[in-house]
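Please consult the sequence and the structure shown below.

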Amino acid sequence: MTTHTTPLCQYSTRVDEPFLDELADKLTQHGYAVMDQTFNPVAVQELRAEFDHPGAEFKNAGIGRQEDFTIARNVRGDRICWLEGRTGAASFFLDAMADIRHGLNRRLFMGLFDYESHLSYYPVGSFYKKHVDAFHGRSNRVLSTVFYLNQNWQPEDGGELVLYDRADKQVLERVVPHAGRLVVFLSEEFPHEVLPAARERYSIAGWFRVNTSTAVNLDPPE
Ligand SMILES: O=C(O)CCC(=O)C(=O)O
Ligand SMILES: [Fe+2]
């Protein structure tokens, strides 16, 4: 059994007030943000090591929720493992995302209530076809995040995240999945896709959610 002995103090993040100001400004102006060097290299390395943790159980990712859950390899080829914060690196990551959640709520009054995330592993040749992460009024996912863990990613490795504008007419951004890069975007607004990766591709995908539960209408579990 691998033990994770890195003390939490060795991880550091730049999720400080200037980082949160910049993120909030970009989200207000564009609806999305690409932030670099979010965590120090030790934290990035330890988060990458989560994929090799003996306790990590990966399954083929599906589409849709509950009864319409379908494995569709022609749509997405990633394998996922939900993040629960059982290791130092995972809880460090989830704590940093909680700081982002609070920071955005204070600045933008978004009412972000919680965060869910999974490790994503894209084997060589896999992709995720164009999709939106949430449909208006049908999901409580409001803000999507992707954090990348790939050292020395080269142009020929492919695997970019392509973000399209709200009308799905133009490419807004082609994001190279460099280690330490965090992408944040409004879940309902931006169609996006992951181009085929010529190298194994590692990331953590997550969603900030609002609480849409009421006494009579509880959110269905994932
Ligand atoms: O890995 C990425 O760049 C994006 C992944 C994605 O779109 C998703 O998991 O919904
Ligand atoms: Fe997505």
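How many of the residues of strand S13 (residues 201–209) are buried? Strand S13 is mostly covered, with 9 of its 9 residues buried; a residue is buried if 20 or more other C-beta atoms, placed from the backbone, lie within 10 Å of its own. The model is predicted: local features need pLDDT of at least 70, side-chain atom pairs count only at pLDDT 80 or more, and totals for chains, interfaces and linings use all residues. Residues are numbered from 1 along each chain as its sequence is written, while chains are lettered from A and ligands numbered from 1 in the order in which they are written.

**Faces of S13**
- In a regular strand, side chains alternate between the two faces of the sheet.
- On one side of S13, Arg201, Ser203, Ala205, Trp207 and Arg209 are buried.

**Partners of S13**
- Strands are DSSP runs (E, at least two residues), numbered from the N terminus, and two of them pair if DSSP finds at least two bridges between them.
- Strand S6 (residues 114–122) pairs with S13 in the antiparallel sense over 9 bridges.
- Leu119 stands opposite Ile204 of S13, and Ser117 has Gly206 as its bridge partner.
- Strand S8 (residues 141–148) is also antiparallel to S13, with 7 bridges; here Ser144 is the bridge partner of Trp207.

**The sheet**
- The open sheet has 7 strands in the order S1-S11-S8-S13-S6-S5-S2, with antiparallel pairing.
- Strands S1 (32–35) and S2 (59–60) stand at the edges with a single partner strand each, so one side of each is left without a neighbour in the sheet.

Methods:
A residue is buried if 20 or more other C-beta atoms lie within 10 Å of its own, exposed if 12 or fewer, and partly exposed in between; C-beta atoms are placed from the backbone. Helices (H or I, at least four residues) and strands (E, at least two) are DSSP runs, numbered from the N terminus.
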